[in-house]
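Have a look at the sequence and the 3D view, then read on.

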Amino acid sequence: MKPLAADNFRNDPRLAEARRLLLDTAADHQRQLNRPRPGDPERKVTYEQALADFTKVRGGGLYFPYLGSGFGAGPLVELADGSVKYDMICGIGVHHLGHGHPALVAAAFDAAASDTTMQGNLQQDLGAPRLAFQLVGLARRRGARLSHCFLTSSGAMANENALKLALSNKSPADRVLAFEHCFMGRTLALSQVTDNAKYRVGLPTVLHVDYVPFFDTARPRESTDAALSVLRRHLADHPGRHGVMCMELVQGEGGYNVGDRDFFVALLDVLKEQRVGVLVDEVQTFGRTTEPFVFQHFGLDGYVDLVTVGKMTQACATLFTDEFTPKPGLISQTFTAATSAILTGSVVIEQLEKSNVFGADGRNVRVNRRFTDRLSAIAQRHPGRLSGPFGIGAMIAFTPFDGDAETAKRCAQLLFDEGVIGFVAGSDPTRLRFLPPVPVLTDDQIDSVCDIVDRALARAAAQHGKG
Ligand SMILES: Cc1ncc(COP(=O)(O)O)c(C=O)c1O
């Protein structure tokens, strides 16, 4: 076979040399970023002006005064004010290999050397099927029947597509079941499913959603019975109208509430009996437990019909079984994702396996254990300042003080000031959470992060006369 022009281009030694120079240069400069540091006072005025201008143009303030310099090293990120921080939220779970990971930079370099920035419905390169096959391969490895993967550009679009597949498959079903406190995204339809009334103020109802209470670790039997009885009531109230039940098996935005296999099986058996589709939203959970997918962690492979992924996979996707194959025209889009998102997504998945994050004693479990030990020690030293920790694997949260929303926000901001970026989750209580870049995070760095948490909570206690 004659080589393609693309093969000749990619095999040109000048390209390999350019890639090597890029990686070497980055590594040389990354050495400067080895610990958190405060902002440079000389940059303060211009930085604050840039933040104010950005607030104006985007029509609203930022949660943190964060404008990145575009440079980082592993869990450390440099901001444009010269400060360096531990990034324990990673763009809410996106930069799971941390900042400036050489394998990602190399893949992004290859994307930059491609002929287009974006790929879409009419134009997809070989990287797109590669990523789709990787995801399907992982999803099926314990027996799930998911055999298709449709790529897209955001978690919300992956869920929107999944809802369309599910509802059209069960037509004329026009209702959706979901767990209380779930989060699925903010499109017009998904803002109806996401269980937060604040996110749909002023919007018309475009989808009817019936909520089922989630598992309560403190009351396993009672919460299972309660959920079952609510589910049965909804099904009886609207016979044949429910197309799908949407589930996060570990609730992310809802506050890092962890489900339970028996609880899910009890509900899933009813859903299967009633022929209601099962959509597991893994936009936040993918890659974070003992298995690539959290439905595999809970051993629910036989139940899933549709699964969505996003965030750390860079390009997002809807996986589905044969039964849910869409009719032509139902789902499509100009942009599938950026070429760099598709190529780097494949690399993230490869790196998860290479970094031994999975398994009962994998890095996800070990990182969780280290955070749990350190955060529990703070809780013991200072009763009332911190409770928990909560979550599972690479999803770690704790409740600061009494979990009041304002206090939690204040603590997130003090933590940011002190050099650690986390974020809030849930309401009543509101927790502080981390989505740490597990594959690149060392135990010593976890200890430094927890020392900073200790300092930030001490500052909060001093300010509020708490704890
Ligand atoms: C569970 C879950 N589903 C869906 C989404 C929406 O993803 P995106 O913000 O990429 O649209 C999120 C985002 O936080 C999420 O956590």
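This is a predicted model: local features need pLDDT of at least 70, side-chain atom pairs count only at pLDDT 80 or more; totals for chains, interfaces and linings use all residues.

## Around the ligand

Let's start with the ligand. Where does the ligand sit? You'll find it in the largest pocket. The shell around it has 13 residues, and the ones that come nearest are Gly155, Ala156, Asp281, Gln284 and Lys311. If you sort the shell by residue type, you get four nonpolar residues, five polar ones and four charged ones. Helix 7, which runs over residues 155–169, gives the most to this shell, with three residues.

Asp281 has a polar side-chain atom 2.7 Å from a nitrogen atom of the ligand. Gln284 puts an N or O atom of its side chain 2.8 Å from a ligand oxygen atom, and for Lys311 the distance from a side-chain N or O atom to an oxygen atom of the ligand is 2.9 Å. As for cover, the ligand on its own has 390 Å² of accessible area, and the protein covers 80% of that.

Strand 17 pairs with strand 3 (residues 84–87) in the parallel sense, over two bridges. To spot this pairing in the 3D view, find Tyr86, whose bridge partner in strand 17 is Val420.

## A hairpin

Now for strand 15 (residues 386–392) and strand 16 (residues 395–400), which pair in the antiparallel sense over five bridges. One handy landmark is Gly391, whose bridge partner in strand 16 is Ile396. The hairpin made by strand 15 and strand 16 has two residues between the strands, and Gly393 takes a positive phi near 45 degrees there.

Most peptide bonds are trans, and most residues other than glycine have a negative phi.

The bond from Ser171 to Pro172 is cis, with omega near 10 degrees. Pro172 has its place in the loop between helix 7 and strand 6 (175–179); helix 7 is also the helix that gives the most to the ligand shell. The bond from Asp428 to Pro429 is cis too, with omega near 0 degrees, and Pro429 belongs to the loop between strand 18 (423–425) and strand 19 (431–434).

Look for Asn356 in the loop between helix 12 (339–354) and helix 13 (363–381).

Key:
Residues are numbered from 1 along each chain as its sequence is written. Side-chain values use heavy atoms; hydrogens and water are left out. A residue is near a molecule or strand if one of its heavy atoms lies within 4 Å of it. A polar contact is a pair of N or O atoms within 3.5 Å; within protein, one must be able to donate a hydrogen and the other to accept it, and residues adjacent in sequence count only if both atoms are side-chain atoms. Accessible areas come from the Shrake-Rupley method with a 1.4 Å probe; for residues, only the protein chains shown count as cover. On a 1 Å grid over the protein atoms alone, a cavity is a set of points where a 1.4 Å probe fits but cannot get out, and a pocket is an open set with protein on both sides within 12 Å along at least five of seven lines; lining residues have an atom within 4 Å of a point. A molecule sits in a cavity or pocket if more than half of its atoms lie within 2 Å of its grid points. Helices (H or I, at least four residues) and strands (E, at least two) are DSSP runs, numbered from the N terminus. Ala, Val, Leu, Ile, Met, Phe, Trp, Tyr, Cys and Pro count as nonpolar, Asp, Glu, Lys and Arg as charged, and the others, Gly among them, as polar. Two strands pair if DSSP finds at least two bridges between them.
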